[in-house]
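Visitor: Please walk me through this structure. I will ask as we go.
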Amino acid sequence: MIKILKRGIVSDNPIFVQAVALCPALAVTSTVFNGIGMGLATTFAILITNVLISLLRKAIPDKVRIPCFIVVIAGAVTVVNMLVEAFVPALHANLGIFLPLIAVNCIVLARGESFAFKNGPLRSAVDGIAMGLGFALSLTLLSAVREILGSGTLFYGLPFAVTLPDSFPRTLLFILPPGAFITLAVLMAGLRFMGHLRRERQFSKEANV
């Protein structure tokens, strides 16, 4: 279970490692409020989908598994969409079409196909939570950088919002689409460089031993 969690959050992170589901990551991360909301909504969708596919895996014929997965995913995303609209209408308005488009998010289908269809409900649930949290944490980090540099705020739209002093330089580019690409590229490069340094240190320790 620990390995599954670590894989989803760190080693196989959907955004920074696999570089999948970049459309919502680039489109809705202008504020942390949106990033966290999209991340948690996707996490619940993956969790529900993984558990249902795992429970039904022995009843789903192999030849029609993909259509069956899509039906399950669409149902789960519909439930998530309705819950967000009912309880967090501001977030629903901000995310717009990208919330129902979770149904075509490649992470959701990929986890159902590659993991949930081959494992039990408990492991599938842990995998769904891990991948969802990895996606949510990536969106939160990306949106935090963009919001701070672009708007001079943090957690805008939440009760504990922080506004930086007027002297803090703000660059509109970071809350526009080009800024999303630039921020994502810099974060991916930085995280991969840190991973490279960590592997080098580990290799040096093993060589010395």
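Guide: Start with Cys23, which counts as exposed, at 53% relative accessibility. Exposed means over 50% relative accessible area, buried means under 20%, and partly exposed is in between, using a 1.4 Å probe and protein chains only.

Visitor: Before we go on, what kind of model is this?

Guide: This is a predicted model, where local features need pLDDT of at least 70 and side-chain atom pairs count only at pLDDT 80 or more, while totals for chains, interfaces and linings use all residues. Residues are numbered from 1 along each chain as its sequence is written, and side-chain values use heavy atoms, with hydrogens and water left out.

Visitor: Back to cysteines. How many disulfides are there in the whole structure?

Guide: The search finds 0 disulfides. Cys23 is in none, and its nearest cysteine sulfur, in Cys106, is 10 Å away. A disulfide here is a pair of cysteine sulfur atoms within 2.5 Å.

Visitor: Is Cys106 buried, partly exposed or exposed?

Guide: Cys106 is partly exposed, with a relative accessible area of 39%.

Visitor: New topic, helices. How do helix 3 and helix 6 sit against each other?

Guide: Helix 3 covers residues 32-56 and helix 6 covers residues 106-114; their axes come within 9 Å and cross at roughly 25°. That makes helix 3 roughly parallel to helix 6. The crossing is right-handed.

Visitor: I need those terms spelled out.

Guide: Helices (H or I, at least four residues) and strands (E, at least two) are DSSP runs, numbered from the N terminus. Axes are lines fitted to C-alpha atoms, for helices over the stretch in contact, and angles run from 0 to 180 degrees between N-to-C directions. Angles under 35 degrees count as roughly parallel, over 145 as roughly antiparallel, 65 to 115 as roughly perpendicular, and the rest as oblique. A crossing is right-handed if the near helix is turned clockwise from the far one by less than a right angle, and left-handed if anticlockwise.

Visitor: Which residues make the contact between helix 3 and helix 6?

Guide: From helix 3 there are Ile46, Thr49, Asn50 and Ile53, and from helix 6 there are Ile107, Val108, Arg111 and Gly112. By class, the contact of helix 3 with helix 6 has 4 nonpolar, 3 polar and 1 charged residues. Nonpolar covers Ala, Val, Leu, Ile, Met, Phe, Trp, Tyr, Cys and Pro, charged covers Asp, Glu, Lys and Arg, and the others, Gly among them, are polar. Contact means heavy atoms within 4.5 Å.

Visitor: And at what angle do helix 7 and helix 8 pack?

Guide: Helix 7 (residues 121-151) and helix 8 pack at about 120°, with their axes 10 Å apart. That makes helix 7 oblique to helix 8. Helix 7 contributes Leu141, Leu142, Val145 and Arg146 to the contact, and helix 8 contributes Gly179, Ala180, Thr183, Leu184 and Leu187. The classes there are 6 nonpolar, 2 polar and 1 charged residues.

Visitor: Arg146 is on that list. What else does Ile175 touch, besides Arg146?

Guide: Ile175 also touches Ser30, Gly150 and Ser151, not counting residues up to four places away in sequence. Ile175 lies in the loop between strand 2 and helix 8 (177-208), and it counts as partly exposed at 28% relative accessibility. The C-alpha atoms of Ile175 and Thr31 are 8.3 Å apart, while the two residues are 144 residues apart along the chain.

Visitor: Something inside now. Is Thr42 buried or exposed?

Guide: Thr42 is buried, at 0% relative accessibility. Thr42 is in helix 3, and touches Ile102, Asn105 and Phe135, leaving out residues up to four places away in sequence.

Visitor: Where is Asn105?

Guide: Asn105 is in the loop between helix 5 (89-95) and helix 6.

Visitor: Last one. What is the phi of Phe155?

Guide: Phe155 has a positive phi of about 65°, although it is not a glycine. Phe155 lies in the loop between strand 1 (153-154) and strand 2 (162-163).
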